[in-house]
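Visitor: I would like to learn how to read a sheet, a chain fold and a chain contact from a set of coordinates. Could we take these topics in turn?

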Amino acid sequence: MTTVLSARGVSVSFGGVHAVVDVDLDVEPGQLVGLIGPNGAGKTTFVDAISGFVPHRGTVTLDGVDITGSSPHSRARRGLSRTWQAIELFDDLTVRENLTVAAQHPSTLATLKELFARPIPLSQGIDEALEAFALEELADATPTELTQGQRKLVGVARALAARPKCLCLDEPAAGLDAHESVAFGRHLREIVDRGTPTLLIDHDMGLVLGISDHVVVLEFGQVIADGTPGEVRSDPSVVAAYLGSAADELTAAD
Amino acid sequence: MATEPTLQLEKLSAGYDAAAVVRELDLYVNPGEVVAMLGPNGAGKTTTLRAISGLLRPMNGVIRIDGIDIASKPPAARARDGIAHVPEGRGVFFGLTVAEHFRLGHRGEQLDVDAAYDHFPALAAIKDRRAGLLSGGEQQMLTLGRALARRPRLLLLDELSLGLAPVIVERLLPVVSTYAKESGCAVLLVEQHIHIALAVADRAYVLSHGEVIIHESAEKLRGDHQLILSGYLGEQETTATVSD
Amino acid sequence: MQDLVLFVLLGLGAGSVIAGIALAVVITYRGSGIINLAIGAISMVAAYAFWALRSDFFGITLATVPAIVVVMLSSILVGVVSELLVFRPLRTSSPLAKLVASLGILLTLQATMLLWFGSASKQIPNVFPDDILQIFDTSIPANRFWMAAVVVVISLAVGAVYRWTRFGLATRAASENEVFAMLAGLSPNQLSMVNTLLASALAGAMGIIAAPLAQADSTTLVLFIVPALAAALFAGFTSLPIAVIAGFGIGIGQSLMFYASTLSWFPTEQGGNPLPGTQALLTFVLLVVALSLRGASLPTRGELVEKRLPEAPRPKHLARSAAVFGAIGVVLLVVLPFGYRQALMLSLIGMVLCLSLVVITGFVGQVSLAQVALAGVAGFVVSHMIVDAGIGFPWGPIAGSIAGVVVGLIVGASALRVRGVSLAVVTLAGVVAIEQFGFASKRWGAGSAGSPVEQPSLLGFDLGTTASYRGLDGKLPSPVLGFVFLACVIALCLLVAQIRRSVLGQQMLAVRANERAAAAAGINVARVKITAYAISSFIAGTAGWMYAYNFGSVSAARFGFLIALAFVAFAYIGGITMVSGAVIGGLVATEGLVPHFFQELLGISGNWTLLVGGLILIVTVIQNPEGVAGTTYRKRQASKRAKAAADVATETMARAGES
């Protein structure tokens, strides 16, 4: 099977600062890949690059098709859906409408028909996504009426509603309480197992290491470790990246 | 008689759009004490600092400075009362020079420039350069220098290490703890690099998902690596999730 | 060559005033993030006051220096009062609400001056010597140099204040990041106030020194705000020196354009006069070029609260609302006496204009002030079709609407990357250019007179204002044209409501909320914006030909700059995100049903209408920062929620009683 998402040699610089340096990353079918690293390590910039929001060097292929030069909206329509660290829901739209705009892209003709005659039948992806996160009852609420945790879930559901080939989630669990976070992990694993490969960025190491198949660790824009959750957890450079430069002695004392 | 804490939070709840990020938080910092607030992203550390400096209106609970409830004061008034909040990212004005940062102040305020240059001699050499042209480390030095030059009674530091090599922060923080001991200033610092934070702190709170899960002396935490690792890296949660 | 030098030097005069007002605009923006349209109006107040104090109007005549002092103090007073009563309550409202409020101040000041001093213009007393200088063998009045010198000295002084004083430092810091400034103990309210003092004093000074080129009247100095805004936009609303240089540049450019129009090669219109409005066109073109070269986003202020447009709820019960609205409309058109009938028809036209703003501003968040000008384009096309080609209803209006769409698409395409307040300024310059270059031209528009429009008829039925059916009172205008208007309004209201319910409308709101997130959701942002411009221009074009048929002629005055601003205000007050808001906006629009009611019942007319209108505008914006329709909607939602909660409680209690 073809690799779903493949980034090769992706680099991003702002002025003279190298935010992401030569990162390779693959998401295989059926896989949940975790991307972790300290604050400011370049994780979000990497996602911005592969989703087309910042100019970058290197290549990005989706399902074997090179999408490197495409605009953000066409990458999204080809099946690369992403969420944002800060929840960027459309506050003026209901939950269902939020999902609709991501899932449906009617042609001009279809739009005219909708204005003057009949509604466009809603895509199944919308109901599936609502169901996946048990959001059916909130479908007609507006985002401002929801809790932080529910808003986060709607953000992920919106990305999922487009039935993407690959899902990129930037800190979906930040701001969730301990219980919500565990439940979220379970939902996400089910989504991946039902056939949506996913790249997950999160600071909740428990969450990422607990549910990922494969984990990539970034520090100062570079990959410092790459492997199964078990391998990554015991990697001294990873512990050092999180605890500070003198952490070696800390792990050594363990 | 025990001294009154400089900062006291009682059952503080705060968040955005009616969604609480921090729930019923109790916390205190004594004069001259350095207290670290640790925990993963989204645990509510920044939210707590924003509530203390007035950028965020708490939903519930009381914030006392030297025993006085400050609920009714806007952020600028709290700053004038001696709360210095160094926000996440770089708390500098890119268009102003280093020297101008020390001239900037509210009416009647005279910043102790000499003290700042004493703490960070490197700043004196670049005093006519615009903050936007400084390196990340220099900018953070400037932020911290300016905060100390205000001679605050409560200093709030949010992730000084963001985007910096840990070694730079290891050099910045000892200045803070020395200042606290000498002046009696209370310091509450948020830091993602646990080791660095514990090296200068007297006590630490570990937050997870908006609640305090560990409150210990820094000395104890420095000695008990397993405790902090489990609280921070979520080792226990991991097992919970896997066995789910 | 001599002439060239002469006109460059003469241009210093207008350049000085533009530069000074531009400086005041930038100072205000840096101090508080407000684009204050009323700054030119403060200069106007100063000019009137200076005249009054020097010519025994109040029973005393002051010497020049004391008069200047009093004038400056009154300008400052005007600034402080508007800061305290208007802008401070609106601190956390959307930029559009502030823009509308500043328009309210502008109108209020205009009306006050007219009521106080009458409509005859006054000669501003001269403060400069009357010498004539000989330079390169040409004679140039020395006052131009004095004006330039005053503005340059003031600019340098202001620059020094910002560079070296603690207040200047604080303002620079706060305009870069308001949150960090608060953390440094700086109070945004205080900074905003001091900057307002400075800006109003400066605006007042411009009113005094403008004597050689302007009189104290209700429009000349007020309109200097347009080139001044252009200069401020060149400076990104940030750089003081660039604003001043751009101000002088625009003044000199306009003077040179005037010089060019005296030369033989300059294109002329009928009658051999040079084409009018080329100066306004020049400003607009320079602005578009500058924006496309250096990007258009204004610096953000790092504010605590993100300021959004009001919410845009999904409309319900379309058929029922349309039927009720239609029935009331028909009855009113038949029953109302002719004065009210005419006012209702103008309200219907106003509703259509407001609807076009609901689509482009309410749904997509683009603050376009060009909609009234697009209506004008359609109106003039209808007139020219019938006059030049003999083509009437319904082909004329169709062509008019299409012309509106074409011009609208040009505006939209050239403004794709321009957002927010920059877009408002660019489109404002565009409106002035279209008005002066297009509508006022004999070649394309109607010159200073109106251009006639023949009454519409279809298949032998007269649909015009003189149709034989005359309603209950049997007077003109005939309700028949009103029925046509009513049908158009209902159809367009349904269209806009359908848009909000459709995927297209949801895409528009997604773009308005967050362009980045919209792109990530697979939405082609550029395409959505262009579509919205097309639809909104079509609606505006419809309003244009409605005007033409209603008055039987079209004239430039109907589609001018102040009217364009006023309609944004009406639409905003009504509720710029809702169809019902457009209906309210139309009812309160100039000469519409509500103002007519005031005029008839309370005897408020002429300049008093202007004054009351300006004050009501201010009060309404402060009371309803989300528009009347928005406030009503929210209240209804809240009471619905409260009722639901009460129902649950009763039910629970009932159940408890049963068990």
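Visitor: Which residue stands opposite Val35(B)?

Guide: Strands of a sheet pair through backbone hydrogen bonds, either parallel or antiparallel. In this predicted model, Val35(B) stands opposite Arg203(B), which belongs to strand 9 of chain B. The pairing of strand 3 (residues 34-38) with strand 9 (residues 203-208) of chain B is parallel and runs over four bridges.

Visitor: In what order do the strands of that open sheet in chain B lie?

Guide: Six strands of chain B make up the open sheet, in the order 6-7-8-3-9-10, and their pairing is mixed. Strand 6 (83-86) and strand 10 (211-217) of chain B are the edges, each pairing on one side only, while the twist from one strand to the next averages 15°. Helix 1 (residues 45-53) of chain B lies across several of these strands, including strand 3 and strand 9, and runs at about 145° to strand 7 of chain B.

Visitor: How many helices and strands does chain C have?

Guide: Chain C has 26 helices and six strands. Its radius of gyration is 26 Å, close to the 26 Å that the globule rule gives for 659 residues, so chain C is as compact as a globular protein of that length. Of the 659 residues of chain C, 56% count as buried.

Definitions and conventions
Residues are numbered from 1 along each chain as its sequence is written. Chains are lettered from A and ligands numbered from 1 in the order in which they are written. This is a predicted model: local features need pLDDT of at least 70, side-chain atom pairs count only at pLDDT 80 or more; totals for chains, interfaces and linings use all residues. Helices (H or I, at least four residues) and strands (E, at least two) are DSSP runs, numbered from the N terminus. The radius of gyration is taken over C-alpha atoms; the globule rule is 2.2 Å times the number of residues to the power 0.38. A residue is buried if 20 or more other C-beta atoms lie within 10 Å of its own, exposed if 12 or fewer, and partly exposed in between; C-beta atoms are placed from the backbone. Two strands pair if DSSP finds at least two bridges between them. Axes are lines fitted to C-alpha atoms, for helices over the stretch in contact, and angles run from 0 to 180 degrees between N-to-C directions. Two residues are in contact if their C-beta atoms, placed from the backbone, lie within 7 Å.
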